[in-house]
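Open the model in your viewer and keep the selection panel handy. This short tour goes from one selection to the next.

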Amino acid sequence: MKLLLFGSNGQVGWKLQKYLAPLGEMKICGRDNVDFNNLHELRNVIKTFIPDVIINAAAYTNVDKAESDIDQSFQVNANAVELLANEAKRLDAWLIHYSTDYVFDGSKLSPYDEEDETNPQTIYGKSKLEGERLIAKSGCKHLIFRTSWIYSVRGKNFLKTIISLAKNQNELRVVSDQVGAPTSAELVANISTLCVYRIFLNQLESRQISGIYHLTASGSASWHGFAKHFLNKAESHGEVFLVKSSEIIAISSSELILPAKRPLNSVLSSEKLCRTFNLALPSWQVLADRVINEIYLRKT
């Protein structure tokens, strides 16, 4: 199997390099060697390598900046994705792509499933939804994984921001009315790899499997609950913060002024994914503890 990975420098892409490696020959592409603004270059990479699977972990993910950087957001999240999809169709290759909870408006009171109506409220969400639409339009075999609240030891994310703020500030205020499923990049990469393996193991069913799937850890938490859990676990490793986990102040979304509106409900149901691929996804707490352990065990 030949695998072509885009976005290798990101949180999910970095983990994918590790998990995909045993499946076959892999070509790794990051920002330093492939520019999603240059569609001619992007097409040539695919034509030269001739992959069986294209994995796109590249994306424009700066939610607030996207509100003013509209063209670039759609270039990376939609226009370049359309090219990947069309090339996958031409080669009869699979396209593995990552989308987001931001395709929904966050007003639903229960977890979103794949059949729920989309209604993005941000440029980021609109650009990601357009990428989904263009993949479906191409007719290529695809797995689109919608995920949310991604974090890892590597890169910029909520976990690392909270640890930094708790070490350097005397007060920490975190939103408590936005709810989601904190999901480690490791889980996304692990499950993605397992799904790729299974679709090639059973080619007869592969076209029926093609579609959109929600992929997050099980359970849910607010950002405030997520932050408390992380700091509490770090404190158990002997970490000392200026703000203790018990002292984090809960605030409402209305107290923050940000360019892009955040969904109040980002919880995605992964039932379809678990049923189709016979999986059981761990709780967000188990995954969070693994990442915290990884951070602090490195220091010992």
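How are α3 and α4 oriented relative to each other: roughly parallel or roughly antiparallel? This is a predicted model, so take the tour as a reading of that prediction.

**Stop 1: the helix pair.** Select residues 70-91 for helix α3 and residues 123-138 for helix α4. Their axes come within 8 Å and cross at roughly 15°. Angles under 35 degrees count as roughly parallel, so α3 and α4 are roughly parallel to each other. The crossing of α3 past α4 is right-handed.

**Stop 2: the residues in between.** Show side chains. On α3, the contact includes Ile-70, Phe-74, Ala-78, Val-81 and Ala-85, along with Glu-82 and Lys-89. On α4, look for Ile-123, Tyr-124, Leu-134 and Ile-135, among others. Lys-126, Lys-128 and Glu-130 of α4 take part as well. Colour the contact by class: 9 residues are nonpolar, 6 polar and 5 charged.

**Stop 3: Gln-11.** Now select helix α1, residues 11-20, and centre on Gln-11. Is Gln-11 buried or exposed? Its relative accessibility is 17%. Buried means under 20%, so Gln-11 counts as buried.

**Stop 4: the surroundings of Gln-11.** Leave out residues up to four places away in sequence. Gln-11 then touches Ile-150, Tyr-151, Ser-152, Arg-154, Lys-156, Asn-157 and Ala-185. Next, check two distances. A polar atom of the Gln-11 side chain lies 3.1 Å from the backbone nitrogen of Ser-152. The Gln-11 side chain also makes a polar contact with the side chain of Asn-157, at 2.9 Å.

Methods
Residues are numbered from 1 along each chain as its sequence is written. This is a predicted model: local features need pLDDT of at least 70, side-chain atom pairs count only at pLDDT 80 or more; totals for chains, interfaces and linings use all residues. Side-chain values use heavy atoms; hydrogens and water are left out. Helices (H or I, at least four residues) and strands (E, at least two) are DSSP runs, numbered from the N terminus. Buried means under 20% relative accessible area, exposed over 50%, partly exposed in between (1.4 Å probe, protein chains only). A polar contact is a pair of N or O atoms within 3.5 Å; within protein, one must be able to donate a hydrogen and the other to accept it, and residues adjacent in sequence count only if both atoms are side-chain atoms. Contact means heavy atoms within 4.5 Å. Axes are lines fitted to C-alpha atoms, for helices over the stretch in contact, and angles run from 0 to 180 degrees between N-to-C directions. Angles under 35 degrees count as roughly parallel, over 145 as roughly antiparallel, 65 to 115 as roughly perpendicular and the rest as oblique. A crossing is left-handed if the near helix is turned anticlockwise from the far one by less than a right angle, and right-handed if clockwise. Ala, Val, Leu, Ile, Met, Phe, Trp, Tyr, Cys and Pro count as nonpolar, Asp, Glu, Lys and Arg as charged, and the others, Gly among them, as polar.
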